Amino acid sequence: MIREYWWKILCFILLMYTCTMGFLVEIPSLDGRMQQTVRNLFFHVPMWFCMQTLFIVSVIYAIRYLRNPNPRYDYYSLEFARTGVVFGLLGLVTGAIWANYQWGAPWSGDPKQNGAAIAILIYLAYFVLRGSLTDIDKRSRIGAVYNIFAFAMLFPTIWILPRLTESLHPGGQGSEGNPGLNPNDTTAAMEMVFLPAIIGWILLGVWIASLRTRLRIITEKKLAHE
Amino acid sequence: MANGSAKHIITLIKKDLLLEIRQQYTFYGVLLYVASTIFVVYLSMGQPEEDVWNALFWVIQLFVCVNAVAKSFLQDSKGRMLYYYSVAGARDFILSKLAFNAMLMMLMSLLSLFVFTVLLGNPLIHVLDFIGISFLGGIGLSLIFTFLAAIAAKAQQQAALMAIMGFPIIIPQLLLLGRIAKASFSPVLQAGLWQMVLLLVGLDLLIILLAVILFPFLWKD
């Protein structure tokens, strides 16, 4: 399935749609609070969906590696984590640019901002851990163990903790909706762009990660033959 | 089988205890670490307000835990590890380490709480509650760092790796502990307290489960 091209075309079409309709779609005036910046919904929020998807794929391949130590699984696990971190950073940056105008500062110590920063730190530690191990077999195995452990520690806490505290994001204590969406502020027309945007960005993330993995596998093969 | 593994675990804990008693310098080293860190804080801050007191307590617990737990996979040589592996198995081994470190951290929490109240004053209203919370926190910290120490023991630059891997992972738990602990500073009970305590206990159980499942993979050398 990963080699087929229909989903890559779908990804391209969806993202073209997102990038045009994202700027054209009618948005509610929302008593002047958000104005046009609400369009960031189509770019900032899908980054997190994409990051979570990529990390989930990464941990699945880590589990598969531990069950059957095939180096291929390890490459998948590593590259999906790496692409996930890139999307996490993009999510932070798109959020910070928006927050600079809406909240008055790029970083206001919101629980979700902090949670996202922690997520990225945890996965950066994964790369440092891998870098500090020289034996290839050991590196893959211990990397996989840490990947699973970190994932299990991180995801309950970024799903549960921010909902317990007050937050500027939707979905905190005392505000409605989940962390992704505030149902009061979105219209049906916006959702018609938002859902394709999520799918499009996730497909792009998977595409990048799978390309990187394939490149990696080819390089390793070449090295093995030399 | 269950009976046998319980016996193995108890024997391994006894072994760790015996090692600790024989090589007392490590224990006293951590103790001195606790005392001198808190003394440095006292000299630079005097007696802080309760919010600062609470935050400092948990940060110092974190550093004490890193120091107390980091060595737990280093003191045994490779040959001896192989011996434990063949005699007791990986699961019993990690369970015994988790239990031993949890007990060690409970003791350390109690001691640092004592030094804290002596030097930094005692803003606590519910002292017993706070002791309970610090036990809970000590157990949680020790569980996470025991498992990370097991990972770090396989790599170079263990001390640096412990900090790099451990600090981001521990932040949510520390935040949760800080919030729970606030209950023992105020006479009124906070809403949602038990929910947070349950979350923390659930997290601890998750760590134990993961450690039992994942540790055998760390051992396959």
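Colleague: How much area do chain A and chain B bury between them, and what share of it is on carbon and sulfur atoms?

Modeller: Buried area is the accessible area, taken with a 1.4 Å probe, that two parts lose on being put together, summed over both. Here chain A and chain B bury about 2600 Å² between them, with 82% of it on carbon and sulfur atoms. Of the area that chain A buries against chain B, Arg141(A), Phe149(A) and Met153(A) supply 23%, more than any other three residues. This is a predicted model, in which local features need pLDDT of at least 70 and side-chain atom pairs count only at pLDDT 80 or more, while totals for chains, interfaces and linings use all residues. Residues are numbered from 1 along each chain as its sequence is written, chains are lettered from A and ligands numbered from 1 in the order in which they are written, and side-chain values use heavy atoms, with hydrogens and water left out.

Colleague: How many residues does each chain bring to the contact?

Modeller: Contact means heavy atoms within 4.5 Å, and on that basis 26 residues come from chain A and 28 residues from chain B.

Colleague: Which secondary structure elements does chain A contain?

Modeller: Helices (H or I, at least four residues) and strands (E, at least two) are DSSP runs, numbered from the N terminus. Chain A has six helices and zero strands, so that its elements, read from the N terminus, run α-α-α-α-α-α. Among contacts in chain A between residues at least 6 apart in sequence, 73% join residues at least 24 apart.

Colleague: Is Glu79(A) buried or exposed, and which residues is it in contact with?

Modeller: Glu79(A), whose place is in helix α3 of chain A, is buried, with a relative accessible area of 2%. Leaving aside neighbours within four places in sequence, Glu79(A) is in contact with Ala209(A), Arg212(A), Thr213(A) and Arg216(A). The C-alpha atoms of Glu79(A) and Ile217(A) are separated by 11 Å, although these residues are 138 apart along the chain. Thr83(A) also lies in helix α3, residues 71-102, and is buried at a relative accessible area of 4%; its contacts, with neighbours within four places in sequence left aside, include Ala209(A) and Arg212(A).

Colleague: What volume does the second largest pocket have, and which residues lie nearest its centre?

Modeller: Rolling a probe the size of a water molecule over the atoms shows where empty space is left. On a 1 Å grid over the protein atoms alone, a pocket is an open set of points where a 1.4 Å probe fits, with protein on both sides within 12 Å along at least five of seven lines, and lining residues have an atom within 4 Å of a point. Grid points are joined across faces, edges and corners, and a volume is the space filled by probe spheres set on the points. The second largest pocket has a volume of about 540 Å³, and its lining has 27 residues, of which Ile171(B), Pro172(B), Leu174(B), Leu175(B) and Leu176(B) lie nearest the centre. Helix α7(B) gives the most to this lining, with nine residues.

Terms used
Buried < 20%, exposed > 50% of the residue type's maximum accessible area, 1.4 Å probe, protein only.
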